[in-house]
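Open your viewer and get ready to click along. This short tour tells you what to select next and what you will find there.

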Amino acid sequence: MKDKELPDHYRPWMEIANRLPHLIGSHQLRAQVNEMPLLNCQFLTGYREQRLAHLVLTFITMGYVWQDGEAQPKEVLPRTLALPLVEVSRNLGLPPILLHSDVVLANWATRNPGRPLEIRNLDPIVLFPGGESLRGFILVTVLVEKAAVPGIKALVQAVNAVLLPSPDSLLQALQQLRLSIQDITRALGQMHVVFWNLSLDSWTSTKAVLSTDYVDPDIFYAVIRIFFSGWKDNPAMPAGLLYEGVSKEPLHYSGASAAQSTVLHAFDEFLGVRHSKESADFLHRMRDYMPPSHRAFIEEIHSAPSLRDHILSSGNSQLLTAYNQCVEALAALRSYHLAMVTKYLITAAPKAKGRKTSHLPGPPQALEERGTGGTAVVRFLKSVRDKTIEAILHQSG
């Protein structure tokens, strides 16, 4: 995302967004929002400005709701925030809540546009409290999405290769997909094994600082996580959130979740991974939180001829081996993700309870063993990993 500023008409939004960590930490955000003018969205031109407006308004919304923690959430969103948020969301075909695509896909800018998309050349546009740990969480996840790009391209090549058919092109695409999945796993690993300090503007080996936890599990659990929490399947907000001037009844939306990323949905559809009903129902619901073009892409992959059937009927052992290597790489990625969630949520929970960050909301106990999307997170991740392993093909005969 290159654009970091909205047109001057929306300066009141940007001034709040740029000071969000301070305003939340000093418990001044709600007062600032309550004084905010009601702005018309007609001066937003083009997709990028609409996406930046959604990013800014949803970050402000999450801060407004959770400024004082889960014990005192705001259950009414004032019309000066609710009306433009809902209007922008409708224009984009997105729900009026913070999404994975906001936190990650729309929330980065390059320090030097001429240099590569590497973590030391990236900055988030909008932040919550959480300091370097939140910066790390956002930017590493940007790199995870970037690592998936060759894999997404490989899916397109593979679908075309099945239709032709072209065994050589399909084999090449499957090999590229496996490499991409392995790159995603490596990118995810940067969350907690990183050899630099982003606060340093210049990059030299002598200034590099070894950090074994770039995203500190305690900070993530106790400070950051609550701001990703939604008002569906959340015991802290069972009634939902009333969007003033929009609806007379409270609305229910899930919080931002990695399950809203298009990548693994597309890989699952392509490889024919079939999840349990409970997991599949949740994953399909998360597709409603994706940009419409992303949902459409997943549907295209879903409606394509079955890769598994094609490989089995071809009798091509090279293709079968390459397919299984993709499935094994995907299962390994999910095992790694499970280990990280255990570290950042389950192991961090007891430690977070033992200490209270003085001026910040504190850890959300209502979602103690649940993901921000509302699932029982460890059980869910184990299930999707195990079902991925079950997709491995065995040559008949």
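Start by selecting Phe 59, Phe 128, Phe 137, Phe 220, Phe 227 and Phe 228: together they form one aromatic cluster. This is a predicted model, where local features need pLDDT of at least 70 and side-chain atom pairs count only at pLDDT 80 or more, while totals for chains, interfaces and linings use all residues. Residues are numbered from 1 along each chain as its sequence is written, and side-chain values use heavy atoms, leaving out hydrogens and water.

The structure holds 8 aromatic pairs (rings of Phe, Tyr and Trp, the last by its six-membered ring, with centres within 6.5 Å; planes under 30 degrees apart count as stacked, over 60 as edge-to-face and the rest as tilted). Zoom in on Phe 59 and Phe 128, a stacked pair at 4.3 Å centre to centre with 20° between the planes. Phe 59 sits in helix H4 (residues 46-66) and Phe 128 in the loop between strand E3 (122-123) and helix H7 (131-147), so this pair ties together parts 69 residues apart in sequence. Helices (H or I, at least four residues) and strands (E, at least two) are DSSP runs, numbered from the N terminus. Both Phe 59 and Phe 128 are buried (under 20% relative accessible area; exposed is over 50%, partly exposed in between, with a 1.4 Å probe and protein chains only).

Finally, go to His 337 in helix H15 (residues 317-346). His 337 is partly exposed, with a relative accessible area of 26%.
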